[in-house]
Amino acid sequence: MLVGIVLAVGATAAMAHWWGMLHPPGLWMVASFAASSVLVIGLPSSPLAQPWAVFGGSVMSATVGVLVAHWVPHLVVATPVAVGIAVGLMMLLRCLHPPGAALALLAV
């Protein structure tokens, strides 16, 4: 289990480095992926670690974060709004994935 997490996060960090993303937000995306790895590899039977939750929650939350950042000019207001909307949509769409909330925050 630990070897899988180390390999998954190491591969992601290597790709981020290769694509020139070793500065924020690139490193923060690796952090969110590390949290996803713990769920997927460490708790594979958890509802939070299922493919729809991981993919749907991550993509939808990042999209929400980008849209809120575009529409809400104040960072102090945009960050909680983005996370709140992302969590609400994840619950509604049954793709709750806690690292997705971090991606919404990152996108803002």
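Start by selecting H97, which counts as buried because its relative accessibility is 0% (buried means under 20% relative accessible area, exposed over 50%, partly exposed in between, with a 1.4 Å probe and protein chains only). A word on the ground rules: this is a predicted model, in which local features need pLDDT of at least 70 and side-chain atom pairs count only at pLDDT 80 or more, while totals for chains, interfaces and linings use all residues. Residues are numbered from 1 along each chain as its sequence is written, and side-chain values use heavy atoms, with hydrogens and water left out.

**Around H97**

H97 sits in the loop between α4 (75–92) and α5; helices here are DSSP runs of H or I with at least four residues, numbered from the N terminus. Now display the backbone of L48: the side chain of H97 reaches its oxygen at 2.8 Å. This is a polar contact, meaning a pair of N or O atoms within 3.5 Å; within protein, one must be able to donate a hydrogen and the other to accept it, and residues adjacent in sequence count only if both atoms are side-chain atoms. Next, show the residues touching H97, leaving aside neighbours within four places in sequence: S36, L39, L48, A53, V54, G57, S58 and M90. Contact means heavy atoms within 4.5 Å.

Is R94 buried or exposed? R94 is exposed, with a relative accessible area of 73%. Check its backbone too: phi of R94 is near 55 degrees, a positive value in a residue other than glycine.

**Over to Q50**

Move to Q50, in the loop between α2 (26–42) and α3. With 32% relative accessibility, Q50 counts as partly exposed. Draw a C-alpha to C-alpha distance from Q50 to C95: the two are 45 residues apart in sequence and 8.4 Å apart in space. A polar atom of the Q50 side chain lies 2.9 Å from the backbone oxygen of P44.

**Helix α3 against α5**

Two packed helices are described by the angle between their axes and the distance between the axes. Select α3 (residues 51–71) and α5 (residues 98–107), whose axes come within 7 Å and cross at roughly 25 degrees. Axes are lines fitted to C-alpha atoms, for helices over the stretch in contact, and angles run from 0 to 180 degrees between N-to-C directions. α3 and α5 are therefore roughly parallel to each other, a term for angles under 35 degrees. To see the contact, show G57, S58, S61, A62, G65, V66 and A69 in α3 with G100, A101, L103, A104 and A107 in α5. By class, this contact has 7 nonpolar, 5 polar and no charged residues (Ala, Val, Leu, Ile, Met, Phe, Trp, Tyr, Cys and Pro count as nonpolar, Asp, Glu, Lys and Arg as charged, and the others, Gly among them, as polar).

Zoom in on A69 in helix α3, which is partly exposed with a relative accessible area of 29%. A69 touches A107 and V108, not counting residues up to four places away in sequence. A69 and A107 are 7.3 Å apart, C-alpha to C-alpha.

**Last stop: α3 against α4**

Finally, select α3 and α4, which pack at an angle of about 145 degrees with their axes 9 Å apart. Show G57, M60, S61, V64, G65 and V68 in α3, which meet A78, V81, A82, I85, A86, L89 and M90 in α4. These residues divide into 10 nonpolar, 3 polar and no charged.

Key: Helix = DSSP H or I, 4+ residues; strand = E, 2+ residues; numbered from the N terminus. Parallel < 35°, antiparallel > 145°, perpendicular 65-115°, else oblique.
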